[in-house]
Every structure is written in C-alpha cells, then in structure tokens.
Amino acid sequence: MKFFLKITTLVIFLIFCNIAYANEKIVFIDMNKILKISKAGKNATKQLERAHKSNNEKLLKTENELKKKEEDIISKKNILSKEEYEKKITELRKKADDYRKNRSKLMNDLTQKRALMTSSFLNQIKPIMADYSDKNSISIIIEKKNIFMGKNDLDITDEVLKIVDAKISKIQLD
C-alpha cells in the first residue's frame, strides 16, 4: 500500500510539473535582420562602408604609386649603377612592406570597428528586449540562427524592429 501511495504521489507531481512548464512562453528573433533593416543598423552599415571605401581609395593610391616607382626603377636599370639600383630596389621593398602592414592595420581596424558597433547595438537593444519580454510575459527569447524549426507566429522580429526603430536611431559607440 505504501508503495502504491508513493507511485501515485510521484505521478501526480510529475503531471503538475509538466503543466507548470507548459505555461512558459518561448519566442525567437532574427538579430541579423534587425541589424540590417533597422535605422541604426543601416546607419552603422553606411559608416562602415564609407570607412571601407576611404581605406580602399588610400590603398589604391599607394599601390599605384608603388607600381609607378617600380616601373621607373626598372626603366632606369641600365642607367643606374649596380649599387644605386640595389639601393632603390631595397627602398621600394621597404615601402611595399609598409604598404602591406598599413593595409593589414586598416583591415583590422575596420573589423574591430564592425565588432564594436555590433556589440554596442546589442547592448542598446538588451533593455528594449527585457521590457518587451516583461510586457508580453515572455520567458525565453532565442536567436533565430539557433533554431532548427519553429512556428512563424513565435517570430517577434518585426514587432521588435518597430520598437528598435522608434527608440534607437543611431548606434552610439561606448
């Protein structure tokens, strides 16, 4: 009899635990879409594109100058003495190395700036997401890229996008 009572209590407990967990509301959001479509995300993308374009123009200008110097040195190979020619080649190689280092630095800076902007944007969205989840009794918000399959009515991306556009117009770097 005691065994039957213990089993019955355990089964009832498990049933009520499952019912309690069934009331949890879980939704998902596409953060990539918000980053690309929101006003702040578009603004950040434009800033990054301008910086990238500016970097490319500077690098292209330097690259063209190096090519001209190389052509000039090659055309004067027979005129210059061997020591002078070697000296000019060494200088050109040094400038080429400086160009590669500068190019690498510019690329790394742009990558860091992109990461910083994304991080800043996510930090600005967190309070909005917390407020939204409190108002709508949401227990868990999962990023869409981590979901294999889900109902479309659980996607809150468009709703949050409207709120983000209303509250954040520009990404502020920390």
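Buried means under 20% relative accessible area, exposed over 50%, and partly exposed in between (1.4 Å probe, protein chains only). The model is predicted: local features need pLDDT of at least 70, side-chain atom pairs count only at pLDDT 80 or more, and totals for chains, interfaces and linings use all residues. Residues are numbered from 1 along each chain as its sequence is written, and side-chain values use heavy atoms, with hydrogens and water left out.

**Exercise 1.** State which secondary structure pattern the protein follows along its sequence.

*Solution.* Helices (H or I, at least four residues) and strands (E, at least two) are DSSP runs, numbered from the N terminus. The protein has five helices and two strands. In sequence order they give α-β-α-α-α-β-α.

**Exercise 2.** Determine which parts of the chain the K33 and D158 pair links.

*Solution.* A salt bridge places a side-chain nitrogen of Lys or Arg within 4 Å of a carboxyl oxygen of Asp or Glu. The closest N and O atoms of K33 and D158 are 2.9 Å apart, forming a salt bridge. K33 lies in helix 2 (residues 31-37) and D158 in helix 5 (residues 157-167), 125 residues apart. D158 has a relative accessible area of 44% and is partly exposed; K33, at 29%, is also partly exposed.

**Exercise 3.** Find how E63 and K67 are placed in helix 3.

*Solution.* Their side chains form a salt bridge with an N to O distance of 3.7 Å. E63 and K67 are four residues apart in helix 3 (residues 39-75), so about one helical turn separates them. Relative accessibility is 29% for E63, which is partly exposed, and 42% for K67, likewise partly exposed.
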